[in-house]
Each structure stands twice: as structure tokens, then as C-alpha cells.
Amino acid sequence: MEEVQDTEKKMKTAPIVYVFAILGGFAGLLYGYDSGAISLALPSITNAFGLNAAEKGLVVSFLLFGALPSIVVFTALEKKIERRNVLIVGGIVFIVGSIMSAIAGSTAFLMFARLVLGVAAGIANMYGLIYLSELAPKNIRGLMSSLYQLSVNIGILGAYGVGAYNLANDAWRWTLGLGVVPAVIFTVGMMCSPQSPRWLIRDGQIDKARKVLKKVRVTDQEVEDEIKDVQNSLKTKEAGLGELFGKFRPVLTLLFVLTAFQVFTGINAAVYYAPEIFHNLGLAHASIIADFGVGAALVISTLVSLPFIDRLGRKKLLEISLGGQVLPAIAMCIWSNNATIAVISIFLYVFMFGFGLGPVFWSYVPEILPLKARALGMGVITFTQYLFNALFSLVFPIILEAIGINIFYFFAALSLFAVWYIHKYVLETKGKSLEEIESYWEQKEA
């Protein structure tokens, strides 16, 4: 009887964890807000500064280009700067970037402001998830990772709401500047949150880590077991770039291909450029509805997918997601002059992305990487994903101007090819321990 009670106690979660999870989740919300805010602000900015297609791409993509150096720098400093402190720095940079965006008086200044926001976005997207995963107990770690993705999508939807309200008055400065509100909440929240216990243990601050763990774990035994597990895991020597691109090249190649599928099947076309797409189709009255459709689809689909990630498995969910993008993308091209069908199609297209490819990708990356290559591999894949996103966002307005909505035929074809590739080459990780996954790659390499 006592053993059953001890097991039940271990499965419980300290309520304070959820408070810290919400505060940490604001990192994702901020990234989502600044990604989505530019969508409905862009038409007004275009009128204010007379942007051409190339300049539109630069204004949007500079946020993503700004993330690249911050990912490199903070990956290199990962062992020296504790996660919470990095996130506080990110929050301050978000505040500065939001204010700069609101007061921008020229295209060049706005691009620079977006670059500053990109530095913060790189920090938030990389370290927000790491911080939450290291603070969360084992029984809700997967849920916390998925909820982080949900917070990103809520940020995008919130930005669309603010943008739609301000669009009629061309008040794009308010749309971009109001990002300072969640940035302040996040920064103050992080100042009140504990440091990462795993980082403290690695830094030799065991007593300090124990105090943190006692706040966020239920039993003293759970605290001591976790300290011991972390100490044991730290004995594994981490891989360098040579080993990552050598011994672990097969898994890295697989993740590069999945990254390309996530970016180049067109989700950013919908998130950043829905008003531009519908304006080019002569459906300007539908652009706000389309943007809300995109935001709602991302939030609803991520919520729906949560119970299926472990039930259906990662591979099956990816196949369903990418296969489900094909018909809506084609329908958008064929019936582009029908506002109702076009809006429904973009909703379904984004819904299918958010159901699988969106949340599963970031769960699958750390899961499939061997332990010794996990930290560096995550940095490389995060950098690659931002680079691909930046390049896509940069050239998409030019492509849209050249061939219009027909670009979605390419997205449909690539999605179909992705289904074949995933079915043939992707390893299913459902029900497998991290040790079993690591053993698979070692045997494959041998």
C-alpha cells in the first residue's frame, strides 16, 4: 500500500511548475507575436515607405536573419551563461526591438529594428524550450514541449488580432510596438523564476540546484534521484562538429531534409504573407479573414494534435500532416477567384501543418539525436531552420509577384514527395527509449 502511495506521489506535479511554465512560455508567445505582427502591418508599411517586392522580403526576413548570429553566439556560451539569465537578456532585447519598430522613420531603420528583434527571437526559440524541459518533471516534459509550440501559435493569433484592429487606421506602429507588453511580462517573470537545476548541477552548484528542485518536485527522493541522474548523464563526453558531421551524419542528413520540408512546403507563405496573397488575388476584403483563419488553424490544430503524438507516433503524424496539405494547396490554385474556397483552403492547409509537421518536428529533433550530439545538433538544426526560413521569406514576395498563387502547386508537389520520403526513411520513435534510438544509429553506422 505504501509503495502505491509513493508511486502516486511521484507522479504528482508541484503546482508552482505550471506558473513557471506559463512565464517561460511567454518566450514562445513573444516569438509568435513578432512573427505574426508583420503580416497585417506589412500593407500599411508598404504604403508608408513605398516598399517594392524585394524590400517587403527584407523587412520580413530580417527578423529571421537576426536570429542566426544569436543562435551561434549563445550556443557557444551555453556552458557559461545560465538559461534563465539568457532569457532575461532576450526579454530586454525584445523590449528594445519593439520600441525601435514602433518609432521607425525609414525602411532601413525598420529593417535594423527587425534585426534586433531577431536576436531576441533566436534566444527565445532556442533557450525557452531548453529551460522548460530542464525545469519540468519527467511526467509532463513532453506536454511542456508541445505547449511551448502552442504558445508560439497563440502569439501569432494575438498579433493578427492586434493587426486587424489597427489595419483600418494604418496604425502599424501600434501593431509592432505593442509587442513590448508581453516582453515586459516575460522579462519580469523570468527575474522571478528559478534558474535551471540541470545547469546549476553541471556548474557544480549542487546545493543551489537542490533548493530549486525542492520548489518544483514533490518528494525529497525525487530531488535526490534527479540530481544523481543529471550527474551521471554529464559523464558522457559531448560530440564536436567533426563527429557530428562524421559519425552522426546519417541522422543529421535526415534532420536537414525534414527541416527543408518544414520550411519549403510553404507555411511561412501563409503566416507572413496571407494579406499579400489575397490582395494579389483581388480579394483584399478576405485578407483579414484569411489571417485569422491561419492563426486559428495553428492554435486549434496544435491543441488537437497533443494526444495523438504518442498515440499515432511521430512518423504517422508527419505522413498525415504532409499528405493533408496537398489537396488544400491545389484547391487554392484552382479556385483562387472564389474567396470562400480560397479562405477555407488556406485554413485546411495550415491546420494540417499544425496537426503534425509543426509540433512533431521540434519534438523529433532532440529525440532522434544521440545524447552526446544532442546539444550541438539542436544548435545546428535550429540555425539551419532559421536560415531556410529567412531565405524563403526573402524571396517569396518576388516569386509571388512573378507567378502568383501558382506557387502553391510547388508546395503541394513537395508535400507529396515528403510523404514518400518520410514513409521510406524516417525512423519511428514511438514507444522507444532514447537509448534504443541511439543504439539504432550506432548499429546502422557499424
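**Note on helix packing and the nonpolar core**

1. Helix α4 (residues 83-103) packs against helix α8 (residues 180-192) at an angle of about 160°, and their axes lie 9 Å apart. Helices here are DSSP runs of H or I with at least four residues, numbered from the N terminus, while axes are lines fitted to C-alpha atoms over the stretch in contact, with angles running from 0 to 180 degrees between N-to-C directions. The two helices α4 and α8 are therefore roughly antiparallel to each other, a label given to angles over 145 degrees.

2. This is a predicted model, in which local features need pLDDT of at least 70 and side-chain atom pairs count only at pLDDT 80 or more, whereas totals for chains, interfaces and linings use all residues. Residues are numbered from 1 along each chain as its sequence is written, and side-chain values use heavy atoms, with hydrogens and water left out.

3. α4 passes α8 in a left-handed crossing, which is to say that the near helix is turned anticlockwise from the far one by less than a right angle. Among the residues of α4 that meet α8 are L87, I88, G91 and I95, and the α8 side includes V180, A183, V184 and M191; contact means heavy atoms within 4.5 Å.

4. Helix α4 also has helix α5 (residues 107-135) beside it, and the axes of α4 and α5 come within 8 Å and cross at roughly 155°. α4 and α5 are therefore roughly antiparallel to each other, and their crossing is left-handed.

5. The largest nonpolar core has 134 residues, where such a core is a set of buried Ala, Val, Leu, Ile, Met, Phe, Trp, Tyr and Cys residues joined through side-chain atoms within 4.5 Å. L255, L258, V294, V350, F396 and F408 have the most contacts inside this core, and helix α18 (residues 339-368) gives the most to it, with 16 residues. Leaving aside neighbours within four places in sequence, L255 is in contact with F361, Y364, V365, I368, L369 and I381.

6. S61 is found in helix α3 (residues 53-76) and, at 0% relative accessibility, counts as buried, meaning under 20% relative accessible area, with exposed being over 50% and partly exposed in between (1.4 Å probe, protein chains only). Beyond its neighbours within four places in sequence, S61 is in contact with A390, S393 and L394.

7. On the cysteines, C192 counts as exposed because its relative accessibility is 59%, whereas C333, at 7%, counts as buried. The count of disulfides comes to zero, a disulfide being a pair of cysteine sulfur atoms within 2.5 Å.

Definitions and conventions: Parallel < 35°, antiparallel > 145°, perpendicular 65-115°, else oblique.
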